[in-house]
2 protein chains.
Amino acid sequence: MSDRRSAIKGLYVVTDTVIQNRFTHEELAGQAARGGARVMQLRDKKPGSGTLFDTAARFVEVCREAGAISIINDRADIALASGADGVHLGQNDLPVDVAREVLGPDKIIGGTASTIEEALRVEQLGADYVGFGHIFETPTKKKEYAPRGTGYLKKLCEAVSIPVVAIGGIDAGNIRQVVDAGADAVAVCRAVCAAENPESAARSLQEAFRT
Amino acid sequence: MSDRRSAIKGLYVVTDTVIQNRFTHEELAGQAARGGARVMQLRDKKPGSGTLFDTAARFVEVCREAGAISIINDRADIALASGADGVHLGQNDLPVDVAREVLGPDKIIGGTASTIEEALRVEQLGADYVGFGHIFETPTKKKEYAPRGTGYLKKLCEAVSIPVVAIGGIDAGNIRQVVDAGADAVAVCRAVCAAENPESAARSLQEAFRT
């Protein structure tokens, strides 16, 4: 497994300033890293490119100092400009193979899938990991299909060879089911960003992941 | 003057599907090129990255077949992915020097200025041209300051050494004043995209530019 792929494991926190506005992206990244999260994704669709670049540069710096992996949602240009470790591509973003041409061989590229077929496709196009979900019901993103559940997650983890990042409605109460199903990493947004104390929320999740 | 810089001259058309919805970006690029425009800029803030990439790829192909320069507004990643000749950066987009690191030495980078000081700054950061305006009143974009006029444009053209692309409220009736003030290129949006016949509107502007 390449270094790009082996980096994607453990607790993966998507920072969000829409579901909460107490903390900035870089504050959340710092808190989550102190709590043990190993991968952070900056997801922000609101700002213009200049503001997003400034935010990303601070976010990447915080992640680097904490020894965590920094991923930018959607924007390959912002990932390159900020020196992030990679990008995460949704299903309406750049195709994975096109992003690889833009980003070169060193950046981590995550793809998105909601079925095993999509996950295999994302792997074939050269993604370093696949974000798969949603596993459980979640209010963070509107979904047009039912939660996939951990039974389907298990089948998907057996079917693909790149790391699987499970996402959607995961919290301290159900994270073990997700890890037991074979997920290499568990992505959370609300369970950390909207927690009263993001650092201790991350710590609880990371401890539950490990045990 | 580098090839990147010398490419920016004549009629520069910003394609827009908000002020009109009869034609796609690639249709407008084809019509404007047949009318004699030499540079096209795809400006579209609405779609997600995947859709924007598809649009840009078609736009770039049309420009290439017509021998015109293709510029993508704002998005360095889309410019790289689509094989466009360059990007145009607004004042809230990536800084010019950061974009140069992302894009490498071959892509054309246009900056934006509304004063001579800003234009000199954009030149210093490594832009290949500066978009300056607005010259006249325009309904296409909301502006927080008064039109700059052709007197100020003349001073700006004398102050900077990179090509100056004048923009804002320019049409067949006033384009000569803009060219006489020293603009290397004249950017229009509404005067071509919203014209009954974009191709003949471009032709009239290009002819007025030349004479």
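Start by selecting R75(B) and D77(A): they form a salt bridge (a side-chain nitrogen of Lys or Arg within 4 Å of a carboxyl oxygen of Asp or Glu), with the closest N and O atoms 3.8 Å apart. Between chain B and chain A the count is 2 salt bridges. This is a predicted model, where local features need pLDDT of at least 70, side-chain atom pairs count only at pLDDT 80 or more, and totals for chains, interfaces and linings use all residues. Residues are numbered from 1 along each chain as its sequence is written, chains are lettered from A and ligands numbered from 1 in the order in which they are written, and side-chain values use heavy atoms, leaving out hydrogens and water.

Helices (H or I, at least four residues) and strands (E, at least two) are DSSP runs, numbered from the N terminus. Stay on α4(B), which supplies the largest share, 5 residues.

Now follow α5 (residues 96-103) of chain B to the sheet: the helix touches β4 and β5 of chain B (contact means heavy atoms within 4.5 Å), and its direction makes about 165° with that of β5(B). Angles run from 0 to 180 degrees between N-to-C directions, with axes fitted to C-alpha atoms, for helices over the stretch in contact.

Select G86(B) and you'll find I108(B) of β5(B) opposite. Finally, show all of β1-β2-β3-β4-β5-β6-β7-β8 (chain B): a closed barrel of 8 strands with parallel pairing (strands pair if DSSP finds at least two bridges between them).
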